[in-house]
Amino acid sequence: MKKALYTLLTLSTIFFVANAQEDYIDVSKTQTLRLDPRQTRGLTVSQLFDEVKFVPLQTTPESLFGRISRLEVANNYYIISDQDTHCILLFNLDGSFKTKIKLEKKPYNFEYRLIDEPFETKLFVQNGLTELTYDLTGKLLKKEDIKQNEFEKILYYFKPEEIEVKYEYISDDRIYEIAALKDDKVLYKVFPHEKDFISKQFDLRTILKYANTPNELLYTRPYEYNIYTISPKGVKLDYKLIFPSEFSLPEGFTTNYDNYIKRSDFTNKNRKIFQGLSSPFKSGNYLFFGAKGLVSTRGEKRDFAYNLKTNSLVALVDIEPDALSYYLPVTSIALNPEFSMSGGFHLFKNNYLYTSISTLDMKALKDQNPNKNVKYDSALAKYFENYKSTNNRVLVVLKPKKD
Amino acid sequence: MRACACLLFLTLFATQVALSQQKTEALGSVKGIVRDTANNYVLKSATASVYKVSPQDSVLLSYQITNTYGEFNFTNLPLNSPLKLIVNNVGYHVLIKEFSIPADTKAINLKTLVMIERTTSLKEVVISIPPISMNGDTLEFNAAAFKLDSNAVVEDLLRKIPNIVVWGDNTITVNGREIKKLTVNGKDFFGGNFKVATQNLSKNVVDKVQVFRTAISNTLDSTLNMNIKLKKGQEFGYFGKIGAGRGTDGRYETDMSINAFSPKMQLGIVAAINNINKLANNVNTILTNSTFKGVGTAIEYRPDFSMGGITRSKAIGTTFTYNFVEKPTYYERNTLNVNYFFRDRDTENASTAKTITARGNLDKIIDDNINNNFSNTLGHKVDSKYEWTENNHALTVNQSFINDKSQNNIQTLSRSRNEQDLAISEYSGINAIDENRNSYNLSINYLMGQKQGKKFKGLSTTYTLGVDNKEEKRLNQTDFLSFINPLSTQRFNRKYNTDLKDVDQVLNFALNDLKTVFFDWTKFYGFDFSLSNDLKLNHKREGNVIEDFNPATSMYEHNQYLTNNVRTNTTEDAPALIVSKSIKSSLSDRFNKDWTFRLGAKHLFIYQENRSDKAFQNINRSYSQFAPEASINYTNRQWGKYFKYYQLSFNTSIKTPTLQQLAPLIDSTSITNIQQGNLALLASINRNIQISYRHEDQTGKNTLNYNFAFNLNYLHNNIIDSVLISDDNRRNIYPVNDSHANNYLSFNANIRKALKLKTSEFQIGLTTMFGKSKNGAYLNGAYTFSDNLNATIKLNANFTYKDKIALEGAQSYSMYSLKQAAFNTKFNGVLSATTLSSSYRVTKKITLNSDITFNRNTSTNTDAINFTLWNASANFRFLKGNNLELKFSALDLLRQNSSIINDGSSTNFTVGTRNVLTQYFMTTVSYYPRHFGKKTKR
């Protein structure tokens, strides 16, 4: 039932309530960044990344999957969950298929995470009201039925401290957007809402759920342009982004447009306006983030990397392919204006950033590649040689530069 | 054979044109990359357009939007001729580069083209407007970028835009995808027919042509729409046609259509008077066929040479639409449309025919019939439609009021003979009918959609009311002369006064997607159920006063037996519970496959109550029948390849016998057709199975689309005729239930292939229909099955070259066969027609048209009838705005037109001819008044 409510959440609107009892948000080190999306600089792939690797994931009748709903990299495996086929698939780092775990089909999506810290040798899966544990060969180790599904409400897990960050945490007749708990004891809770907000709001949070920056998780809220850091110690407001007025929501937006119809009417009429930020993460001097809104034009600038040292803003759509990427774009943003809809970034872990490109997009990018004499590496060359429109996605592994 | 030759000719011609286009123009290519070097990135959605430069003018050859690498690459450009590249991008200065492609290399690389950002301090003189731009998800074509004749209309503009094709059948495609809806400033334009907007609106008042996708419920259902955005201040205007023609043989025609529009309102007035079988049944027919551009090869509103009889027609009508919301959206609209149409028609119909009736072992009866029919109809129709949509509520109210007054005079003379050619009887009749009919129809539909986050998923309800009031006065004079049995010779002179009132009410109510009201949405995954109820109430009152002529008194006297009053109340209720299960399988970016299974438990309850002055007609009947429904739908969409749709459905319905079938008052005047009753009649049950398949090409280029459908009806207890024919051709007909199974099978298929050549379009299509039925009948007590087969195949090919030449070749073939195994009789008939239509625009002011149809008719026992119908015309336009048209037409040039009767039923077979329109020549003068935009004060 709660899962159901969560799904409904994504169809409703959000309603903020002020002056609630909440814990302190640290604003002592908040930086204000003034960014103009019309004034971006272009960079080549090799100016932004140290390494680029295209990994075509092997396609066999057994390994065929739809899209990547979650990616993990551990113990020399790419671990992919796919809700289309209801499977968790394991691929070797060269893209060859290892094994898959076929899960029972349930009405809603299943979730998984790596456990057995810090070795990450086991997969904990929650499929409806069944909890399952597998090892990385796909062997079922444990199966248990539960009464209530709480898995999805865990936003993040600070490993050394064993602290769980939960969202939509209910306490004192209020719902808190974020709460940190250790051994079921609340350490802190922030962003409270009236209890009925679940039935009338719309959650636009698409934080990069699986960004592994040790002991830090960047967080954004709908209809504002702030980037917070959630850590075991508390919540900090790190960056306050300010955009030119033509991209900004009017003041008092959430109170003046307090229902779904009013908001969708406003956003439909003001397509350029950013409705919030998404998927923030930091790598070296770069702060990566997306701007939410009704994107529809090819080439529209909605996903950015901001250099905190040089104060220059790069639109990911403008990253120019060069020899490092075989003159191929490293994301499919240029073809799919809504980057997050086409998969976005799946994971940022151990300084590597992961995204993927669909087979139809790979073909289009290769056909358009003006550098016809480019020599692809053996994996890509083989992939294009035996190209089929039913192939699996191609994983793109990027290592962003430090400065 | 002739047909094949025509189609072959057309195909060869099209190929030849395509090849010659390629031969005459050597092909070169140009490429380059558009870059902002100051900010160090390529421009991905810049517009690059290539123009051919000539001293007089520049002609747009092609346009592209730069790709993900900022690159453009044009092919098929002329060699060694001066060309100009114009690159536009929002926020940048326009870049113009002149070049020519050398004949030796056939290619030129312009490499990196540097675009310079526009700063607010620098005022720029706009040198050129980009022909195309992207605005959000809308593709916009800027009308000002296309130079056209001052008299050009929107259709001429569309023809100029590369990648937009206006096909021979008026379909519009953009990059191979068909436009499903065309609006002007977001609103339907005079009924929504594309032609009214594209062939009337001047190109000069158009700001932009916008193309975008709309999702109805999900992206898979999205359709491609086109909106014509008018320039500011040009949202007002009027257009139309006033034309009159005079021809030989007393032929005449007059057409008028005057239409005006403003941002919220549309008003049209039409009128037509003619005696050339050119009939319009509504305002729209006249409106869509009076466009400034001209009708071309369209055939919907032309003199109908195949129609039986000659009709003098007068019509006048008006249409009015008011949009309470000036800029309607999918979620908010409020529109009222009111139409009025009046028609006055006089028709003279004359036919001669031969009917052969098989009687098993007995002799066949051959009737020679002569029919003359004079009729006059005066009809008024007012109808209105009100649509209101706000958020998740939608209300539609449709109303119509019809008044028809008609007078009919039918004279029949029928002589019957046997196979030895001996006369057996003669029937002559005069029927004079005066009818006055008023009817009112109302339909109210309310839909409440799903509310965010609510368990209740909404409801739909429809109420319809139909009130019909008919008063009929009929005089029937009949003489029946039997040469075999002089005693059965009869003469009647009878008057009928009928007053019929019928009130029909239907209430449909449905609660959909009920699962979540009772269960958690995760329970019974994929299953859903809905409840519906259809309630029908019918009240019918029929009063008949019959009088017979008494020769002794020379007076009409009351006929006690036939004079009667009957009231019939029928209540029908059909509650249903529908359970559905859907199975979806999809692989992102690869395919979507959906199965939907529906199973409905429906029960029909029917109660019929008859109250009559005649006690034997006081019959109450009730029927109860379980009527299950089931369907399976399957859709398969393979991304970038095709979309396939399969459907299999089953349903049950019943047909209850009428009082006329159960216990009629027997009218002895219909000597050759005396309807008797049968109180033992049961309801007949029809079980229907439909299978359909549709294939839609998603490749976007040279598409091949096809579909087919099977329909099988299986009837149990079908009510059939049991005919008793006397030797002198008197017939008594009893309705009886057939204990044998009767069935109908039909099949239809459509295939369409479209080919876009460089400057021309070629379409080829095949339509086929096939029907097979097995009906029972009794003839003089002997049971027979009649096996009927009919088939129609039509192959047509369409070729258009720019807007200069339009050619259409069509071959149609239809046949039927009728077999009564028990009597060892068989009839068949074949009708074939080969048509070659052509339209040639000699200059901007002169157009020539020609249509030739070769007809061939053959049938059992008769000689083949062949005739050729050839119509031709020449149109000349005058005045600066081409507003004046002079048209010379020659119709039925070979004077061969005729209309064939070639028909069969379960017991007989008829061949004959009717009077038709034949050769005439006509001169027509038309004036097209038109003005767009507010009048400027001098």
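Visitor: What makes two strands count as paired?

Guide: Two strands pair if DSSP finds at least two bridges between them. In this predicted model, six bridges join β20(A) to β21 of chain A, residues 286-292.

Visitor: Which residue is the bridge partner of S278(A) in β21(A)?

Guide: The partner of S278(A) is G290(A).

Visitor: Why are β20 and β23 of chain A said to stand at the edges?

Guide: The sheet is open, with four antiparallel strands in the order β20-β21-β22-β23 of chain A. β20 (276-283) and β23 (312-315) of chain A each have a single partner strand, so one side of each is left without a neighbour in the sheet. From one strand to the next, the twist averages 25 degrees.

Visitor: What makes a set of residues a nonpolar core?

Guide: Its members are buried nonpolar residues joined through C-beta atoms within 7 Å. The largest such core has 84 residues, and I80(A), I178(A), I230(A), V394(A), L395(A) and V396(A) have the most contacts inside it. Leaving out residues up to four places away in sequence, L395(A) touches V55(A), L57(A), Y78(A), Y354(A) and S356(A). Another core, of 61 residues, lies apart from it and includes V50(B) and L158(B).

Visitor: How do you know which part of chain A to read with caution?

Guide: Chain A averages a pLDDT of 83, and 86% of the residues score at least 70. Over residues 1-20 of chain A, however, the pLDDT is below 50.

How values were computed
Residues are numbered from 1 along each chain as its sequence is written. Chains are lettered from A and ligands numbered from 1 in the order in which they are written. This is a predicted model: local features need pLDDT of at least 70, side-chain atom pairs count only at pLDDT 80 or more; totals for chains, interfaces and linings use all residues. pLDDT is the predictor's confidence in each residue, from 0 to 100. Two residues are in contact if their C-beta atoms, placed from the backbone, lie within 7 Å. Helices (H or I, at least four residues) and strands (E, at least two) are DSSP runs, numbered from the N terminus. Axes are lines fitted to C-alpha atoms, for helices over the stretch in contact, and angles run from 0 to 180 degrees between N-to-C directions. A residue is buried if 20 or more other C-beta atoms lie within 10 Å of its own, exposed if 12 or fewer, and partly exposed in between; C-beta atoms are placed from the backbone.
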